[in-house]
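Me: I want to learn how to read a protein model feature by feature. Can you take me through one, giving the general idea before each case?

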Amino acid sequence: DIEGQCNNIAKGLAERDDVVRKAIDLFSAKFNYFVDNISKMDVLFGSSFAKLQDVGKPFTRCGFTRRYLQFITGPPPRLYNKTTETVYVLPIGGEIKQWTGQNCPVEGCNFELCLYSVGAPPRTF
């Protein structure tokens, strides 16, 4: 271990240059092993997790691209734009519904509006 080797340098039992060279060689070997085997991680993660672009259903239109955003139930619930790979996090703890296709009245926004219902009795925003 590197701490033990540093103690040996302090005690005069090892040369600094030798310890540094061994440490660099060790970390270089670890890095090369990582680079050579990182592709295996894609397989492992791919079997456990779905890509955002492969989940969800078309829900509402994006204000920038006018393409449909995918509704991903979560948790947390969110909208995902496949084109720009942008994620829009939605409020937690309520129900999100499509509305009438009306756009946001804020100048330059152009996102389609959604309904958010929460509470008992439900309040809709």
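**Strand pairing**

Reply: Let us begin with a strand pair. Strands β6 and β7 run antiparallel and are joined over two bridges. The model is a predicted one.

Me: What is the general idea behind pairing, and which residue is the bridge partner of Val118 in β7?

Reply: Strands in a sheet are paired by backbone hydrogen bonds, in a parallel or antiparallel sense. Here Val118 has Arg123 of β7 as its bridge partner.

Me: In what order do the three strands of the open sheet come?

Reply: The order is β5-β6-β7, with antiparallel pairing. At the edges sit β5 (95–103) and β7 (123–124), each pairing on one side only.

Me: What joins Ala120 and Pro121?

Reply: A cis peptide bond, with omega at about 0°. Pro121 belongs to the loop between β6 and β7.

Me: How many bridges pair β3 with β4?

Reply: Four, in the antiparallel sense, between strand β3 (residues 78–81) and strand β4 (residues 86–89). The hairpin has four residues between its strands.

**Loops and backbone angles**

Me: Which residue of that hairpin takes a positive phi?

Reply: Glu85, with phi near 55°. This is a positive value in a residue other than glycine. Glu85 sits in the loop between β3 and β4.

Me: Is Glu85 buried or exposed?

Reply: Exposed, because its relative accessibility is 55% and the cut-off for exposed is over 50%.

Me: Where does Lys82 lie?

Reply: Lys82 is also placed in the loop between β3 and β4. Its relative accessible area is 44%, so Lys82 is partly exposed. Now compare sequence with space. Lys82 and Leu69 are 13 residues apart along the chain, and their C-alpha atoms are 7.3 Å apart.

Me: What is the phi of Asn110?

Reply: Phi of Asn110 is near 65°, a positive value in a residue other than glycine. Asn110 is in the loop between β5 and β6. With a relative accessible area of 37%, Asn110 is partly exposed.

**Salt bridges**

Me: Now the charged pairs. What is the idea, and how many salt bridges does a search of the whole structure find?

Reply: Oppositely charged side chains can pair when their charged atoms come close. The search of the whole structure finds three salt bridges.

Me: How far apart are the closest N and O atoms of Arg16 and Asp17?

Reply: They are 2.9 Å apart in this salt bridge. Arg16 is exposed at 55% relative accessibility. Asp17 is exposed too, at 54%.

Me: Which side chain does Arg21 meet?

Reply: Arg21 meets Asp18 in a salt bridge, at 2.9 Å from N to O. Both lie in helix α2 (residues 16–48), and because they are three residues apart there, about one helical turn separates them. Arg21 is partly exposed, with 45% relative accessible area. Asp18 is partly exposed as well, at 33%.

Me: What is the N to O distance between Glu112 and Arg61?

Reply: The closest N and O atoms of this salt bridge are 4.0 Å apart. Glu112 is in strand β6 (residues 112–118) and Arg61 in strand β1 (residues 57–61), so the pair ties together parts 51 residues apart in sequence. Glu112 is buried, with 17% relative accessible area. Arg61 is partly exposed at 27%.

Note on methods: Residues are numbered from 1 along each chain as its sequence is written. This is a predicted model: local features need pLDDT of at least 70, side-chain atom pairs count only at pLDDT 80 or more; totals for chains, interfaces and linings use all residues. Side-chain values use heavy atoms; hydrogens and water are left out. Buried means under 20% relative accessible area, exposed over 50%, partly exposed in between (1.4 Å probe, protein chains only). Two strands pair if DSSP finds at least two bridges between them.
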